[in-house]
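Subject: Handing over the two-chain model

Hello,

Here is the structure I promised to pass on. Please open it before reading my notes.

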Amino acid sequence: MKQPFTSDGRAGVRGRLEGRSQSDLPVESRRYSLNLRRMWQLTALLMIIVSVGPLTVMTAIDYRVTEASAESEILLHTSRVVSNTKMAVEFSLVERMAALDFIVEDNSSAELHDCARVGEILENLQASFTGFVDLGVIDSSGRQFCYVGPYDLAGVNYSDQAWFEDVQQVATHVSDVFPGFRRVPHMVIAVRHDLPGGGFDVLRTSVETSLLQNLLSNLEISGEGDAFVINREGILQTSSRRHGGVLESLDLEVPEVAAATRVYETLDPDGVPLIVGYSYIPNTPFILMIVKQKTALMEPWSATRRQLIGLLAASISIIVLVVLGVTSYLVSKIHWADKQRVAALHQTEYTNKMASLGRLGAGVAHEINNPLAIIKEKAGLIKDLFEFSDRYAGDEKLMGIVESILSSVDRCSAITRRLLTFARDTDTEPVAVDLSETITEVLGFMGKEAEYRSIAVVVEIDDDTPVISTNKGRLQQILLNVVNNAFAAVENGGRIEIAAGREGPDRVMIRVTDDGCGMSEAQRARIFEPFFTTKGGRGGVGLGLSITYSLVTELGGTVSVESELGEGTSFQIRLPVAGSRNGGAVR
Amino acid sequence: MSEKVLLVDDEEEFTETLAERMRTRGMDVSTTNSGANALQMVDDENFDVVVLDLKMPGIDGLEALKRIKRRRPDIQVVLLTGHATVEKGVEAMKQGALEFLEKPVDLASLTDAIHKAKATKMVLVEKETEERIKEILHHKGW
């Protein structure tokens, strides 16, 4: 990227001069101060993080909170259902036990020993309650001496049965469900009746479990729920929808003993998450269980979540798209502005360089001009003296030397004259200038040459061309330079067109077009540089257009050139109608 | 009849050399190095042509031109300048300069300008003389 180092200072300068005419050199890219790619990445990333981040975090928090609340709701609801159901089940059992209690309290021992009376009682019981199948009275020796029911169980001895032991301890006994003789699941309720003179009777009845079964089957439980009763060994006492029929073993573990209703989560043998609520029914071997499918229960919540997450995904994609779009747009704007800035910097640098060169040149030329005039006159005097003297008049060599001095001085003075036009007065005020008049005046200088070389000069001034406020002398100089240039470019018999007109509300354009030799792209790029000439040996020193450039700039205008090699050249000079911003004078 | 020329420039070497060359071409040349002196000399002597440098310390070329024209309108002035602009030229012409030449000047064109100036002055003088004669004839008509 650096300028190559050379020991020859001039080569370095030359390299820089050439460098500036090719604006797309890599050396220029250094001047873009901003790393746009990085800026784009940073901005986009930051904007995405600050917009998407909180959104995602909020959604995550909401997800967890609502999930926890949905779960606790489900647990609470299950617990309530279990409690209510337990109360219903317990009530129906207690009701029947109370009825038996009432019977043993209400009837005397004699009455209970009367089998006809027992039959009456059974009938009354069956009329008031469902589920009672039979009724038997057993004495303290375990012998059933009175039985009413569909089976022939009179005289059976129960003394070695576990429930008979139990009922001696606790007064009321409820048995597990068992198929019994009839192959119908039922349970036994036994109530002890202590006799006044010591000893006891036991009232025993069989109750069909369809009682509990109906109670549980009619329960509407959400989440594909299942309500059933098991005993403490995990044997199903009522049939269930999903966990086996009556008297089968439950596929879940028997929950731990607890006085109150409890709800817990578990997995079934297939790994499906379940919510299990249970309650031990007091004074019975039964445990009420309600089992629900967690997935089914969470479904409404999941559906809402899915919608929300969908919405989130859509929002994030839109945000990302918008952020990328906006960032790209802004960064490209910045890039454009940066380019403009560099171009402006470039322009300023170029203008400053031209101005410095101009001042330097003019200063040098001014100082050189007087001694040059003296040299010229001294040499002229020598020549005069030789011409008038017999001794030297014929000396070709001396005369040659003097002529050479004179012609060199002429060459020098041609250069200083052009250089001096850089040094201009500072105090000239802008005046109203009629373009048409000024162009005619300037062409007056060239009239003879045009005639002599039969060059057609066509002037076209638009009718609406405004009178502009500018520095007339400088405008004349500009026009003279450009027209002069056109004259130099065309062949004898060529054609030069000068057009002027309004361009936009506050500018005029003067276009000078010739059909001369034109120039190459490389020449065109350097045409406004000082000492650049295409006229070769034909007398130009390469300052005319350089001066024109700085003059036009000083008047607040621009000059551009279009050219096609062999086709001709067109100069466009654009000037402000209202005069330049700095009053037409800087120096 | 040789042209009577006054050469005004702040560079003495320049004026002396140029004067010598012009003298060899048959002109009657005087020189001076300041505008003030030039005005004095114009008052004292009758010059045909004054060659003025535009840029001089003190009274500069344009100022001297104005004053000379005010005192002696028939004197022709040729301006020399190391620094020619279209504008300066127009200004000088407006003030009545006959010619505006760039330094270093070509002696041939300077000589031409002087001849032209002399001729212009002769015309003016003749015209003046004619008018005076007419006037005399008119007033003292016999």
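Some ground rules. This is a predicted model, in which local features need pLDDT of at least 70 and side-chain atom pairs count only at pLDDT 80 or more, while totals for chains, interfaces and linings use all residues. Residues are numbered from 1 along each chain as its sequence is written, and chains are lettered from A and ligands numbered from 1 in the order in which they are written.

**Chain B**

Chain B has five helices and five strands. Both are DSSP runs, numbered from the N terminus: helices are H or I with at least four residues, strands are E with at least two. From the N terminus on, the order is β-α-β-α-β-α-β-α-β-α.

The five strands make an open sheet, ordered E2-E1-E3-E4-E5, with parallel pairing. Two strands pair if DSSP finds at least two bridges between them. E2 (28-32) and E5 (99-102) of chain B stand at the edges with a single partner strand each, so one side of each has no neighbour in the sheet. On average, neighbouring strands of this sheet are turned by 20° against each other, direction ignored. Axes here are lines fitted to C-alpha atoms, for helices over the stretch in contact; angles run from 0 to 180 degrees between N-to-C directions.

Strand E3 (residues 49-53) of chain B runs parallel to strand E4 (residues 76-81) of chain B, joined by five bridges. Val50(B) has Val77(B) in E4(B) as its bridge partner. Helix H3 (residues 61-71) of chain B packs on this sheet and touches E1, E3 and E4 of chain B. The direction of that helix makes about 155° with that of E3(B). Helix H2 (residues 35-44) of chain B lies across E1 (4-8), E2 and E3 of chain B, at about 160° to E1(B). Contact means that the C-beta atoms of two residues, placed from the backbone, lie within 7 Å.

Two totals for the chain. Of the 142 residues of chain B, 39% count as buried. Buried means 20 or more other C-beta atoms within 10 Å of a residue's own; exposed means 12 or fewer, and partly exposed is in between, with C-beta atoms placed from the backbone. Among contacts in chain B with a separation of 6 or more, 59% come from residues 24 or more positions apart.

**Where the chains meet**

The contact takes 23 residues from chain A and 18 residues from chain B. On the chain B side, helix H1 (12-24) and helix H4 (86-94) each supply at least two residues. H1(B) gives the most, with seven residues. By class, this side of chain B has six nonpolar, five polar and seven charged residues. Nonpolar covers Ala, Val, Leu, Ile, Met, Phe, Trp, Tyr, Cys and Pro; charged covers Asp, Glu, Lys and Arg; the others, Gly among them, are polar.

**Chain A**

Start with a helix pair. Helix H3 (residues 36-106) and helix H7 (residues 210-217) of chain A pack at about 160°, with axes 11 Å apart. That makes H3(A) roughly antiparallel to H7(A). Angles over 145 degrees count as roughly antiparallel, under 35 as roughly parallel, 65 to 115 as roughly perpendicular and the rest as oblique. Ala88(A), Val89(A) and Ser92(A) of H3(A) meet Leu211(A), Leu212(A) and Leu215(A) of H7(A). Five of these contact residues are nonpolar, one is polar and none is charged.

Now the sheet. Four strands of chain A form an open sheet, ordered E6-E9-E8-E7, with antiparallel pairing. E6 (226-231) and E7 (262-267) of chain A stand at the edges. Neighbouring strands are turned by 30° against each other on average, direction ignored. E6(A) pairs with strand E9 (residues 286-293) of chain A over six bridges. In E9(A), Ile287(A) is the bridge partner of Ile230(A). H3(A) packs on this sheet too, touching E6, E7, E8 (273-280) and E9 of chain A. E7(A) and E8(A) form a hairpin with five residues between them. Gly271(A), in the turn, has a positive phi of about 85°.

Last, helix H14 (residues 544-554) of chain A. Ten of its eleven residues are buried, so this helix is largely enclosed by the rest of the structure. Among them are Leu545(A), Tyr549(A) and Glu554(A). Gly556(A) follows H14(A), with a positive phi near 85°.

Best wishes
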